[in-house]
Each structure stands twice: as C-alpha cells, then as structure tokens.
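I opened a new page today for a structure that I wanted to read slowly. My plan was to go from the whole chain down to single residues and to write down each term as I needed it.

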Amino acid sequence: MGFEHVTGVGTRIWRWSRTSGTQPRLLHAGKAAGAAALAWVVARHVPGVASDYPYYAPLGAVIAMQTTVFAGLRSGIQTLVGIALGIGVAGFTMWVGDPGVLAVALAVGIGVLVGGFRILGEGSSWVSTAALFVLLVGGAHAEGYSLGYLVQMAVGVVVGLLVNFLVFPPLHFWDAEHRIDAVNGVLADHLDGLAAVLREGKRDVAAWDKQQDRLDRAIADVRSRVSIAHESRRINPRGALRGSRARLQEDGARFRALERVAWYTTDLTELVARSGPVSAGIGRPDPAFAEPLAAALDQIAAVIRGTSPDRDADTAIAAVEKALDASRENPSHVAVTSAALVALRGIVESERRATVDIDTKTGPFGSARSASR
C-alpha cells in the first residue's frame, strides 16, 4: 500500500512537471550550462589573438541555445552578422575621428539605423552593442579585440548548436497538444457563461469583452505553440522519426478546427451577451428560445470537456430546432435563433474535426467517445 502511494505521488509530480513546463526548462537549463562550460574550455585553446577573449564564447553558446535547433541556428547567424556589422560601424567612426563623445554617439546612431533592418532579427541589437564594445573596450587594440570578439562568439555559437543538436534535440509536440487541450477548457467556460446570460438576462459588456479577450489570447498562444512545434522538427534528427510529420499535421488540423470553434463562439457571444456587428444586424434570440438554447450551450460545454458523449450535443441542438419548428409567428426571432443554431452546429462539427482519429485523452471528445462506445 505504501509503495503504491509513493508511486502515485511520483506519477503526479512527473505529470505536473511536464504540464507546467518544468521538465523542458530543466533540460534546457542543463544543456545551456553544459554548452557554456564546454565553450569556455574550447575558447581557451583557440590560437592567436582570439585566445585573449575566451569569455565571449560562453555568451555565444547561450545565444545558440534556443528552444529549437532551427531557432538557435537562426539566432546564432543573425547575432554574428550583427556583430560583424557593428565592428564595421566602429571602424567607420574611428576613421572619422578618435573615440570620444562624438564617436560614441555616432556609433550608436548608425548602429541603430543599420540594426533597423528586419532581416537581422535578433542580430539587430548587436550592431550598436558591438560598435560600443569595440570603441570603449577595444580602444587602442580595437583590431585584435574585434577579431577575438567575433571569433570567440562564433566558437560559442557552434558549440551551442552542436550541444542542442546532439543532446536530446527538443521537439515541442506535447507542449502544443497540451495547450490545445487547455483552450477547450476556456471554450467550455465561455459557453457556460453564455448559457447563464440566456437564463438570467443580465448582460455585462465589459465583462464579456474580458472573456472574449481571454479566449483570443488562448487561441493566439496555441497558434504560437503549434508554430514552435513545426519549427522544432526542422534540422532535428528526432524530427525524422516515423510519425512526427503525421503528428504535426494532426496538431495543425486540431488547431485550425479550434480556431473555427472560436469564430463560431464569438458569433454566439455577439448574439447573446454583447452588442456588436452581429447582434446589431439581426437582433437577439427570442426569450421563448432562451431555455433550450441555454441547455444546448451547457450540453456542448460538457461535451467539449469530455464529461458527456458527443451525441448529447446533437440531442440538445435538436431540442432547439424542435422549438423553432413549433413557433413561426415572428420571422425575425426565428432568424436570430437560426443564426445561433448555425453557430452551435459549427462548434460541434469543428470540435469533431479537432478530435477525429485521436486515440489519446488529449482531445475534448476523447473520454466522451470511449464512454459512448
């Protein structure tokens, strides 16, 4: 019994460390520390004047230790290009006159202008920084300092890239999938809130603006995570493993489906809880349909959470359609409720596409489907 308790605690701690991002952060921190130490050792054996500046190599290694191998390569190249340009700017200002107040101002001004090109990416800030280093630190030995600075940064970047490539190169599939699942909770909460508005008739536009902003931020976060997951596969030996491409395609399809769910949910919010372009155009749902609509929203929210089988969503929507069929006295009321029905159908069908062929518990319909079989 005691062993089972300890095992259960260990499992919960392991899951928490994964869902909270602690595991990848610890791995990344360990790799960065190892890369910096290795770069320091290698830098002290670099021949020539560069050996006088070994402290720049660990910095280069840290720059190259990004969340993905491809991002590290891009960041390293951009940084080195930025430093080279900064050295050129410093050389120009020193040619104009001796280092001083005017030279510093000129170097920073030109460096900021040159660094404004978007193609430099992360290297943009290094243009003016490198120019200042060469002017103020290099001083009378600017030529040797510039060479040592650039060479040792390159050594560090190469070491960092090799460590990131060879030691558990990161793949961010699971992180993207976890974030996709988190959006389902936000969507379900949103639908529950809409159901409450229908039943109580209380509308707080400011509160719903905040709720909509929460949903928008969640979708934006997932979009970023899915993009990182795609990038993590590039020039990554683990990305060539069987099934990685299919997994990425599946995650992308799930995210696109969730985006559609968010669009339909936004339309429902305009109809039910806010005053906006949708509600201004066609009005609001008739109070006679409030209860079946609210029940449908509650049921769809439960399905999204995975606490009800997905067929219950169809049953709830059918109840709203039945109520519509029973009342055709006011065409405008029928029209707005029909618009709400379209949004509800869109949510349900998009969620189904988001979970098709998924055999894990990551999908909103995962546990519900297994319960309904």
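**Entry 1: terms and ground rules.** Before looking at any helix I noted how one is assigned: helices (H or I, at least four residues) and strands (E, at least two) are DSSP runs, numbered from the N terminus. The model is predicted, so I kept in mind that local features need pLDDT of at least 70, that side-chain atom pairs count only at pLDDT 80 or more, and that totals for chains, interfaces and linings use all residues. Residues are numbered from 1 along each chain as its sequence is written, and side-chain values use heavy atoms, with hydrogens and water left out.

**Entry 2: the whole chain.** I looked up the secondary structure and found 15 helices and zero strands. The protein has 373 residues, and 43% of them count as buried, where buried means under 20% relative accessible area, exposed means over 50%, and partly exposed lies in between (1.4 Å probe, protein chains only). For contacts, meaning heavy atoms within 4.5 Å, I noted that among those with a separation of 6 or more, 75% are between residues 24 or more positions apart. The protein exposes about 19000 Å², and carbon and sulfur atoms supply 62% of this area; such areas come from the Shrake-Rupley method with a 1.4 Å probe, and for residues only the protein chains shown count as cover.

**Entry 3: confidence.** I then checked pLDDT, which is the predictor's confidence in each residue, from 0 to 100. The mean for the protein is 79, and 78% of its residues reach 70 or more. Which helices have the lowest and the highest confidence? The lowest is α15 (residues 366-372), at a mean of 38, and the highest is α3, at 94. Over residues 357-373 the pLDDT is below 50, although this stretch has 37 contacts in the model beyond near neighbours in sequence.

**Entry 4: a nonpolar patch.** I found a nonpolar surface patch of about 650 Å², made by Leu27, Val158, Leu162, Phe165, Leu166, Val167 and Phe168. A patch is made of residues with over 30% relative accessible area and no salt bridge, with like charges joined within 9 Å and nonpolar side chains (Val, Leu, Ile, Met, Phe, Trp, Tyr) within 5 Å. Helix α7 (residues 142-166) gives the largest share of the patch, four residues. Leu27 lies in helix α2 (residues 22-43) and is partly exposed at 36% relative accessible area. Phe168 sits in the loop between α7 and α8 (173-200), counts as exposed at 58%, and has a positive phi near 45 degrees although it is not a glycine.

**Entry 5: helix α6.** I followed α6 (residues 124-138) from end to end: its 15 residues reach 21 Å from the first C-alpha to the last, close to the 21 Å expected at 1.5 Å a residue, the expected span being 1.5 Å times one less than the number of residues. Its buried residues include Trp126, Val127, Ala130 and Leu135, and what covers the buried residues of α6 includes α3 (56-64), α4 (69-96), α5 (101-114) and α7. After α6 comes Gly139, whose phi is positive, near 55 degrees.

**Entry 6: salt bridges.** I used the rule that a salt bridge is a side-chain nitrogen of Lys or Arg within 4 Å of a carboxyl oxygen of Asp or Glu, and by this rule the count comes to eleven. In one of them, Arg305 pairs with Asp192, the closest N and O atoms being 2.8 Å apart. Arg305 lies in helix α12 (residues 290-305) and Asp192 in helix α8, so the pair ties together parts that are 113 residues apart in sequence. Asp189, Asp192, Arg214 and Arg305 are linked in a network of salt bridges. In another bridge, Asp298 meets Arg199 with the closest N and O atoms 2.6 Å apart; Asp298 lies in α12 and Arg199 in α8, so this pair ties together parts that are 99 residues apart in sequence. Glu321 and Arg345 also form a salt bridge (3.6 Å, N to O), and the pair links helix α13 (residues 311-326) to helix α14 (residues 331-355).
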